[in-house]
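Hello,

Here is the structure I promised to pass on to you. Please have a look at it first, and then read my notes below.

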Amino acid sequence: MHRYDELWAGLGLDLDAHDRLLKALPPTYYEVYLKQENRPRGMEYFDFVINEIHGLRIKELQEFRQAGGKVVGTFCLYVPEELILAAGGVFVGLCAGIEVGTARAETVLPRNICPLIKSFMGFKLSRICPYFESCDLLVGETTCDGKKKAFEVLADFAPVYVVEVPQKKGPRDWELWLGEIRALAARLEELTGKKITPETLRAAIVKVNAKRRALKRLAALRKADPPPISGRDALLIYQIAFYDDVDRFTAQVNALCDELEERVRRGEGVVPPGTPRLVITGTPMAIPNWKVPYIAETSGAVIVAEELCTGLRYYEELTDESGETTDELLASIAARHLEFDCACFTPNLKRIQKIGLLANEYRAKGVISYILSFCDPYAVEHYQVEKGLRDRNLPVLKVETDYSEHDAGQLRTRIEAFIEML
Ligand code: BJ8
């Protein structure tokens, strides 16, 4: 990776700690990604993006800010990307998937808390994430208790605005949610100094829908046996979707899909036909958390779909583009963002049905229920997942883990045994 010392210093990063982070990534990336055989050529763009993860994109964000633009950091799918774009801003997803700055994070958080929360707090307090340092506003949300309370802490270190996400999906919850979307729109207008109009809203919805359509196209191609792309590569693309320029990303995903269509036509895949196919469900896998997919795909299986926020939940639903007024379009955005199913909601049985349907549609032989340690919503909801999949005679393996490598050997043994019995 090129060095951007001036840029990083300008953002106030701790350059020594940042260097250590940058050194840790390339060997892992080589092992998890570059060593794969028969990768699609179209992955070159995404490799390039990762190689420049703290470089070119950060430069673009700084240029945007120097021209008066505002960058908004988010942590959850319930914060609509199209709203930020409609207000003239740029969004970046800030969830983090690596154990970094833990000691600092533990000065303000309990030790036993979800690694995703600890990781984003560690990134902020250690000043090693140029995305965090590029944000003019962080938009949190009241999903799980851990995140909700962590945003109160984060507000001591950066400007934070919190959206209230309901816990149920009834008529009263809808009223609350629509009000929250309107309030967020007003806060974003205040931040950017730009009015959200029906035109800017519709353009933003069309733009983000195009990205979702490209990702849906990619997902559909993975139904082929053999699949033309690995689960690891698909996950990488979903992770990059959270911070890359929307139009460029969409074009690159579509170009990759053109290539994958050709592969499917030729019957060419990344694994031999008949390789056991898996669906992964559960908590999000923020970049660079590739641990479980890497283990599963180097243990004789291939992942064909993800019921994750870094997967299906991110792209499945489209926002209705047809509204005329700002209010109608805001209601469409609110409706779309109450559609997908996070375990923070109750009841959440649509999620359970979705996992079964997904496994059938993608001809998966088994499901991995992936849970980040100390994530109560997904850990407790695993009971429903297991029950629902048992009814469909689908084997499920529960994997509860964090970002460290200490359990990698034990996980490999369990995952290999699971794949063998499929
Ligand atoms: S819509 S999954 S991105 S809340 S893993 S921090 S739930 S303790 S990330 Fe999430 Fe939005 Fe839901 Fe998706 Fe809490 Fe669990 Fe940690 Fe989590």
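**A buried glutamate, and what else turned up**

Let me start with Glu141, which is buried, with a relative accessible area of 0%. Please keep in mind that this is a predicted model. The mean pLDDT of the protein is 97, and 100% of its residues reach 70 or more. The model also scores ipTM 0.96 and pTM 0.98.

Back to the glutamate: you will find Glu141 in strand E3, which covers residues 137-141. What does the side chain of Glu141 make polar contacts with? One partner is the side chain of Thr143, at 2.6 Å, and another is the side chain of Lys147, at 2.9 Å. Leaving out residues up to four places away in sequence, Glu141 touches Phe75, Cys76, Lys147, Lys148, Phe151, Val162, Val163 and Val165.

Cys76 comes up again at the ligand. There, 16 residues surround the ligand, and the closest are Cys76, Cys144, Cys309, Cys342 and Cys375. By type, the shell around the ligand consists of 13 nonpolar residues, two polar and one charged.

If you click on Leu218, you can look for its contacts beyond four places in sequence: Ile229, Ile237, Tyr238, Val253, Leu256, Cys257 and Leu260.

Finally, a few backbone details. Most peptide bonds are trans, and most residues other than glycine have a negative phi. Where are the cis bonds that I would like to show you? One runs from Asp225 to Pro226, with omega near 5°, and Pro226 sits in the loop between H11 and helix H12 (231-241). Another runs from Thr346 to Pro347, with omega near -15°; Pro347 belongs to the loop between helix H16 (326-336) and helix H17 (349-361).

As for phi, Arg127 has a positive value near 55° although not a glycine. Arg127 is in the loop between helix H7 (115-126) and helix H8 (130-133). Is Arg127 buried or partly exposed? Arg127 counts as partly exposed because its relative accessible area is 38%, which falls between the limits of 20% and 50%. Arg363, also not a glycine, has a positive phi of about 50°, and its place is the loop between H17 and strand E7 (366-372).

Enjoy exploring!

Best wishes

Conventions. Residues are numbered from 1 along each chain as its sequence is written. This is a predicted model: local features need pLDDT of at least 70, side-chain atom pairs count only at pLDDT 80 or more; totals for chains, interfaces and linings use all residues. Side-chain values use heavy atoms; hydrogens and water are left out. Helices (H or I, at least four residues) and strands (E, at least two) are DSSP runs, numbered from the N terminus. Buried means under 20% relative accessible area, exposed over 50%, partly exposed in between (1.4 Å probe, protein chains only). A polar contact is a pair of N or O atoms within 3.5 Å; within protein, one must be able to donate a hydrogen and the other to accept it, and residues adjacent in sequence count only if both atoms are side-chain atoms. Contact means heavy atoms within 4.5 Å. pLDDT is the predictor's confidence in each residue, from 0 to 100. A residue is near a molecule or strand if one of its heavy atoms lies within 4 Å of it. Ala, Val, Leu, Ile, Met, Phe, Trp, Tyr, Cys and Pro count as nonpolar, Asp, Glu, Lys and Arg as charged, and the others, Gly among them, as polar.
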